[in-house]
Amino acid sequence: MFAITVRDDGEIVLSGRFDASQIETADAIFERVSDTTRVNFQDLDYISSAGLGILLKTQKRLSASGHFLILMNMKKMVRDVFRIARFDMVFRIEEDQ
Amino acid sequence: MQQSFRRDIRSLDEIFEFLDRQITSRSADEAPAYVLRLAVEELFTNMVKYNRGGDPEIGIGVEINGRAFTVTLTDCGGEPFDMTRAKEVDTLRPLEERPIGGLGIHLVRQMVDELRYSYSGRCGTITVVKYRELPHVRDHRQG
């Protein structure tokens, strides 16, 4: 089960399992992002390359206008996936916010 | 234990349920289950995307012994397609030059302990092995 919600302050909250079958659902939210935005991973249990692809695409688009995503509160295994993909060099990742 | 799944991205829910029944219930450690889910998702979605002429279903098998978890994905009816030898992505490139694709097989290569491909009788089989962490090794590491 995957869920993506946008809070009143613009923060995007991810939860559950972000796999390849959820690309369209997630993309519909991320393609509307046009400013620096916080993405809360606190309740996200799983991400694969499909989810990384959506985040990378969004980050590339935002960087053209000087904006970026701030990724927060990743669980250990999700953090490991970012590290192995070397996405920790591409994204601003914050812990325990 | 072997089961067949429709060649469709929407099969992923069913595949995760199958893996969870086989693996999560037999491993207290979260890491191998995560790694095997990810490996199966990446390999299965590649089969769906790039081997469209194959049979309508793809077989997934799980074998567990005291040493390792072994998962096989069997894709029949298509030409040989060894994605385990796909070109490595350059993960050191700056943001603007990072490709969107190719990351999946990179993650699989880095996270599993063995990855093999074989082709026989018009069936391609990818075997993924993740070693079990033995309790005394974990205790030692935790120090």
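What is the volume of the largest cavity? About 70 Å³.

## Basis

This is a predicted model, with pLDDT of at least 70 needed for local features and 80 or more for side-chain atom pairs, while totals for chains, interfaces and linings use all residues. Residues are numbered from 1 along each chain as written, chains are lettered from A, and side-chain values use heavy atoms, without hydrogens and water.

## Cavities

The structure holds 2 cavities of 30 Å³ or more. A cavity is a set of points on a 1 Å grid over the protein atoms alone where a 1.4 Å probe fits but cannot get out; lining residues have an atom within 4 Å of a point. Points are joined across faces, edges and corners, and volume is the space filled by probe spheres set on them.

The largest cavity has 14 lining residues, with B:N51, B:D75, B:F81, B:Y117 and B:G124 nearest its centre. The second largest cavity has about 40 Å³ of space. Its lining is B:V89, B:D90, B:T91, B:R98, B:P99, B:G101 and B:L103.

## Interface

Chain B and chain A each bring 26 residues to the contact (heavy atoms within 4.5 Å). About 2300 Å² is buried between them, 68% of it from carbon and sulfur atoms. Buried area is the accessible area (1.4 Å probe) lost on putting two parts together, summed over both. B:Y34, B:L95 and B:R98 supply 30% of what chain B buries, more than any other three residues.

The rule finds 1 salt bridge across the interface (a side-chain nitrogen of Lys or Arg within 4 Å of a carboxyl oxygen of Asp or Glu). A:R17 forms a salt bridge with B:D13, their closest N and O atoms lying 2.5 Å apart.

Conventions:
On a 1 Å grid over the protein atoms alone, a cavity is a set of points where a 1.4 Å probe fits but cannot get out, and a pocket is an open set with protein on both sides within 12 Å along at least five of seven lines; lining residues have an atom within 4 Å of a point.
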